[in-house]
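Try each task first, then follow the solution step by step.

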Amino acid sequence: GLCSIAMTLLQGTLLKSNILAFKDNMPQLLRPSVFKTVMEAALVLLHAAETGLRNSSLEYDSFKALYEYQNIKSGTPLSMLMTNLRNAGYLDKKEYHDSRKLRLTPKGDKKAIEILKSLVAQ
């Protein structure tokens with residue numbers, strides 16, 4: 001669909017801008033330091049994982065492993081970050097509550113795309 005076409009175009013641009021790449025279908029933040037906040041980095045990573053892996057949601061533990069692999073410098077535990085994202089309305093609360101799965105809300109998706117576009121535009 002349109003979303004995957006947009007993502008493919010975006011992936012090329014993100015790779016050129018050294019922001020994000022996919023290796024074995026796993027997203028990789030090439031320069032975590034370009035994100036203003038850890039929350040933004042986590043949001044973009046979630047978005048990339050959902051889109052790149054064509055998963056509508058991710059197990060918390062799978063995302064934790066992926067997040068830790070990124071080498072993001074953060075004093076905030078991931079569980080706290082996820083709580084902050086849920087409270088901001090970026091993560092689906094019901095999905096998390098029912099099965100500890102992470103899924104972006106439409107608001108979360110939109111925010112992740114805005115962050116990526118602003119990084120590419122720099």
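This is a predicted model: local features need pLDDT of at least 70, side-chain atom pairs count only at pLDDT 80 or more; totals for chains, interfaces and linings use all residues.

**Exercise 1.** Find how strands β1 and β2 pair, and look at what lies between them.

Solution. 
- Step 1: Locate β1 at residues 20-23 and β2 at residues 26-29.
- Step 2: The two strands pair in the antiparallel sense, over four bridges.
- Step 3: Now sort the faces of β2: Pro27 and Leu29 are on the covered face, while Met26 and Gln28 are on the uncovered one.

**Exercise 2.** Work out how helices α2 and α6 are oriented to each other.

Solution. 
- Step 1: Take α2 (residues 38-52) and α6 (residues 106-121); their axes come within 9 Å and cross at roughly 110°.
- Step 2: Angles of 65 to 115 degrees count as roughly perpendicular, so α2 is roughly perpendicular to α6.
- Step 3: Residues making the contact include Leu43 and His47 of α2 and Ile113 and Leu116 of α6.
- Step 4: By type, the contact residues divide into six nonpolar, two polar and four charged.

**Exercise 3.** Which residues have the most contacts inside the largest nonpolar core?

Solution. 
- Step 1: This core has 31 residues, and Leu46, Phe63 and Met82 have the most contacts inside it.
- Step 2: The elements giving two or more residues to the core are α2, α3, α4 and α6. The largest share, eight residues, comes from α2.
- Step 3: Beyond its neighbours within four places in sequence, Leu46 is in contact with residues including Phe63, Met82 and Leu102.

How values were computed:
Residues are numbered from 1 along each chain as its sequence is written. Side-chain values use heavy atoms; hydrogens and water are left out. Buried means under 20% relative accessible area, exposed over 50%, partly exposed in between (1.4 Å probe, protein chains only). Two strands pair if DSSP finds at least two bridges between them. Axes are lines fitted to C-alpha atoms, for helices over the stretch in contact, and angles run from 0 to 180 degrees between N-to-C directions. Angles under 35 degrees count as roughly parallel, over 145 as roughly antiparallel, 65 to 115 as roughly perpendicular and the rest as oblique. Contact means heavy atoms within 4.5 Å. Ala, Val, Leu, Ile, Met, Phe, Trp, Tyr, Cys and Pro count as nonpolar, Asp, Glu, Lys and Arg as charged, and the others, Gly among them, as polar. A nonpolar core is a set of buried Ala, Val, Leu, Ile, Met, Phe, Trp, Tyr and Cys residues joined through side-chain atoms within 4.5 Å.
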